[in-house]
Amino acid sequence: MAGRYAAIWFSHLLTDCITLRNPRLQHQAFVLATPERGRQVITAASPAAEARGIRTGMVVADARAAEPALEVLEHQPEMAQERLQALGDWCIRFTPVAALDLPDGLLLDVSGCPHLWGGERAYLEEILKRLTRGGYHVKAAIADTPGAAWALSRYAATSTLVKPGKQAQALMPLPPAALRISTPLVQKLHKLGLTHTGSFMQLPRAALRRRFGQELLHMLDRALGLEMELLLPLQPPISWQERLPCPEPVNGAAAVSIAAGRLLQQLCARLAKAEAGIRCAVFKGYRSDGKVATLQINTFRPSHHAPHLLKLLQMKIPQFEPGPGIELFTLEAPETAPVFSAQEQLWGARNKQQQTHIAELLDRIAGKLGNDAIKRYLPAEHYWPERSIQPASHLWQQPQSPWPQQLQRPVRLLPQPIPIIVSAPVPDYPPMLFRYKGVVHNIVKADGPERIEQEWWLQEGEHRDYYCVEDNSGQRYWLFRSGHYTGQSLHQWYLHGYFS
Amino acid sequence: MSQSKADIIHQLQKSLLPLQGYKPAGDNTVRVPLGPVNRAFPGHTFPVGAVHEFISNSPESTAATCGFITGIASFLAAEKALCLWISARRQVFPPALLPFGLLPHQVVFIEAPAEKERIWVMEEALKCEGLAGVIAEVSELDFTASRRLQLAVEQSQVTGFIIRQQPRQLNTLASIARWHIHPAASSSYNQLPGIGFPRFTVQLDKIRNGKPGQWQLEWRHNRFAEVMPAAATGAAATPIRKIV
């Protein structure tokens with residue numbers, strides 16, 4: 001099927017932006033100017049200024065002569081692109097593929113969209129009406145190719161629709177500049193008397209190439225649809241996406257919940273057919289004031305179980321801000337994974353259902369406490385106690401190396417070693433007693449020392465000599481001395497954990 | 001005649017237990033070999049599918065409690081099932097769970113700073129079939145919350161362990177048992193110097209339908225073994241060992 005494309009041209013984008021910020025300028029003549037070779041050159045003129053004959057490229061002094069009350073503002077180059085980007089994001093409500101067309105336009109791939117608005121005419125009018133109401137001067141056109149739509153939006157008298165396959169006739173009366181070719185080429189064509197596209201469209205291609213180069217043929221083919229032109233979408237299209245437009249803006253929590261449920265059901269039915277599950281889903285509400293409210297959920301295990309996913313979303317609905325009302329809901333799954341049946345083997349849970357329960361439980365906990373709250377540890381190949389474990393990246397990750405079997409390690413490890421006062425008989429012997437929090441513990445039994453060196457490639461510092469000690473009431477501790485036990489140098493004893 | 005009376009009483013007790021929410025051990029029930037302690041439980045079986053409460057008043061006894069619970073959980077998690085360990089901030093050192101028979105990567109640690117959140121997580125987890133055990137470090141818990149936990153386990157048959165560190169008051173809970181675990185002086189094994197196997201003083205303060213008591217247990221070769229009082233007292237301090 002041939003595509004259909006819409007081009008929107010913001011004829012006064014820069015001045016419209018200024019007017020939206022300063023409504024008092026709406027009917028005034030004002031221009032934007034930038035210094036160039038010691039003069040102020042006009043880069044954009046408001047419609048009121050243009051009515052008085054002021055054009056872009058004029059020098060401000062000349063314009064002042066024509067219109068003494070002219071207001072001159074500073075040119076802000078980045079403003080147009082930012083605004084265009086925002087408008088492009090806003091246009092996602094009309095089509096999923098919207099692309100920027102710098103400096104002052106947007107290109108939309110509208111294939112398969114207009115029937116939702118009751119035909120292309122109504123669709124185009126809706127876009128124009130909304131943008132005009134938003135305070136922009138716009139013209140738009142729909143055609144079979146982006147090139148033809150672009151040409152018609154700029155050079156046709158009014159916003160037009162080109163019937164499928166009729167772009168050549170529509171382009172005939174337009175000037176050569178409508179083909180998006182460079183200015184020298186346009187001037188050359190004019191000089192030769194080719195003042196409209198129709199006058200050279202039928203000429204032999206070899207002759208055109210010889211006289212005007214490849215560029216002209218290239219752009220002509222693009223406009224006529226002989227050559228593909230790809231749009232670079234502002235938001236990359238996601239294959240797992242569902243949309244739910246609302247006839248009236250809604251803002252109740254119940255309505256949001258119903259919308260989420262319906263979208264999830266549609267998406268999950270599709271995912272189930274493809275044997276895929278959601279790892280991450282984004283629920284978006286396009287608000288009537290142009291903002292977008294979003295919610296994101298993540299799952300530990302790919303899932304297409306709609307009731308469970310709905311529960312995750314519902315836990316977050318209080319954070320969802322519908323504002324004045326939501327016109328369009330979308331649900332996207334940017335991250336999906338195949339639902340493996342092999343995963344059932346792991347964890348030894350008695351059946352698949354129980355495993356799903358566990359995964360769903362963890363999803364709920366992550367939804368409430370955040371993903372960082374859930375941790376599982378695997379051995380890391382380090383002796384230094386703080387570095388000897390590493391968090392697992394996912395729930396099915398199995399240890400790459402075995403857990404150390406022979407090392408004596410305390411059940412509870414203090415996050416920070418606590419300095420203690422000890423009295424030790426001779427170097428390299430465990431202490432006889434130590435004092436911690438005002439209580440003296442007489443050591444009866446001890447194991448050690450176990451010397452653990454710093455890994456110099458990771459961290460510099462003193463080594464540690466660890467002792468497992470038991471006091472006279474049977475309590476067991478993990479102590480260490482930092483550094484060598486020499487007469488002069490500083491050494492300190494620490495308590496680092498409790499054995500059971 | 002008296003024999004038949006005793007039989008009747010025994011029969012009545014048996015029929016009363018299920019009414020009190022106690023499920024008799026079936027063939028599928030996991031048995032936890034706790035040696036002499038098992039005699040304190042109704043039906044001489046460690047009650048799984050219930051909430052146990054552990055009180056600890058010092059970090060040392062918390063460590064002993066953690067070791068003891070890990071030992072029990074290792075039997076429950078025999079089929080590689082997952083355990084959940086809920087705490088405000090993880091202090092348990094995973095590699096140390098291995099000597100107690102539990103694979104450290106079988107444990108999912110959940111950190112929730114607020115006590116209310118920890119209780120919520122525990123309740124949700126206890127409802128979830130397929131978990132081997134849920135261990136939560138919660139200090140303050142009221143009776144209503146503990147009832148909710150008890151109702152959750154009756155459905156799912158998951159075993160819950162609550163570690164209460166220095167609770168402000170020892171209020172009554174709907175849990176099935178209240179334990180105090182203290183570390184006990186270890187004795188040397190085969191006259192070897194140094195520290196012996198981990199040893200606990202297990203104090204069972206309350207047990208529903210059972211008999212409270214106090215025992216000394218030692219964790220040796222992946223199971224709990226009873227320590228005879230004579231052996232406990234006879235263990236003399238061994239000389240300090242130096243490893244060269």
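Figure 1. Lys437(A) counts as exposed because its relative accessible area is 69%; exposed means over 50%, buried under 20%, and partly exposed in between, with a 1.4 Å probe and protein chains only. The model is predicted: local features need pLDDT of at least 70, side-chain atom pairs count only at pLDDT 80 or more, and totals for chains, interfaces and linings use all residues. Residues are numbered from 1 along each chain as its sequence is written, chains are lettered from A and ligands numbered from 1 in the order in which they are written, and side-chain values use heavy atoms, with hydrogens and water left out. Lys437(A) sits in the loop between β16 (433–436) and β17 of chain A. Helices (H or I, at least four residues) and strands (E, at least two) are DSSP runs, numbered from the N terminus. The phi of Lys437(A) is near 55°, a positive value in a residue other than glycine. Most residues other than glycine have a negative phi.

**Figure 2. Asn222(B), a positive phi in chain B.** Asn222(B) is not a glycine, yet its phi is positive, at about 65°. The residue lies in the loop between β8 (213–220) and β9 (223–226) of chain B. Asn222(B) is partly exposed because its relative accessible area is 48%.

**Figure 3. A nonpolar surface patch in chain A.** Trp456(A), Trp457(A) and Leu458(A) form the patch. Together they have about 430 Å² of accessible area. Accessible areas come from the Shrake-Rupley method with a 1.4 Å probe; for residues, only the protein chains shown count as cover. Patches are made of residues with over 30% relative accessible area and no salt bridge; like charges are joined within 9 Å, and nonpolar side chains (Val, Leu, Ile, Met, Phe, Trp, Tyr) within 5 Å. Trp457(A) lies in the loop between β17 (439–452) and β18 (464–471) of chain A. Trp457(A) counts as exposed because its relative accessibility is 54%.

**Figure 4. Where chain B meets chain A.** The contact (heavy atoms within 4.5 Å) takes 58 residues from chain B and 54 residues from chain A. The two chains bury about 5,200 Å² between them, 63% of it on carbon and sulfur atoms. Phe93(B), His105(B) and Ile195(B) supply 15% of the area that chain B buries against chain A, more than any other three residues. Buried area is the accessible area (1.4 Å probe) that two parts lose on being put together, summed over both.

**Figure 5. Polar links across the interface of chain B and chain A.** There are 15 residue pairs in polar contact between the chains, both residues at pLDDT 80 or more. A polar contact is a pair of N or O atoms within 3.5 Å; within protein, one must be able to donate a hydrogen and the other to accept it, and residues adjacent in sequence count only if both atoms are side-chain atoms. The rule also finds 2 salt bridges across this interface. A salt bridge is a side-chain nitrogen of Lys or Arg within 4 Å of a carboxyl oxygen of Asp or Glu. Glu137(B) and Arg412(A) meet in a salt bridge, at 3.3 Å from N to O. On the side of chain B that touches chain A, the elements giving two or more residues are α2 (59–76), β3 (107–111), α3 (115–126) and β7 (199–207) of chain B. The largest share, 7 residues, comes from α2(B).

**Figure 6. A salt bridge between distant parts of chain A.** The side chains of Arg180(A) and Glu229(A) meet at 2.9 Å, N to O. They are 49 residues apart. Arg180(A) is in the loop between α7 (167–171) and α8 (183–191) of chain A, and Glu229(A) is in the loop between α11 (214–224) and β9 (241–250) of chain A. Arg180(A) is partly exposed, at 21% relative accessibility. Glu229(A) is buried, with a relative accessible area of 8%.

**Figure 7. A salt bridge in chain B.** Lys127(B) and Glu124(B) form a salt bridge, 3.8 Å from N to O. Lys127(B) is partly exposed, with a relative accessible area of 46%. Glu124(B) counts as buried, at 13% relative accessibility.

**Figure 8. Thr145(A), a buried loop residue.** Thr145(A) lies in the loop between β7 (138–143) and α6 (146–155) of chain A. Thr145(A) is buried because its relative accessible area is 5%. Not counting residues up to four places away in sequence, Thr145(A) touches Tyr5(A), Gln167(A), Arg222(A), Ala223(A), Leu224(A) and Gly225(A).
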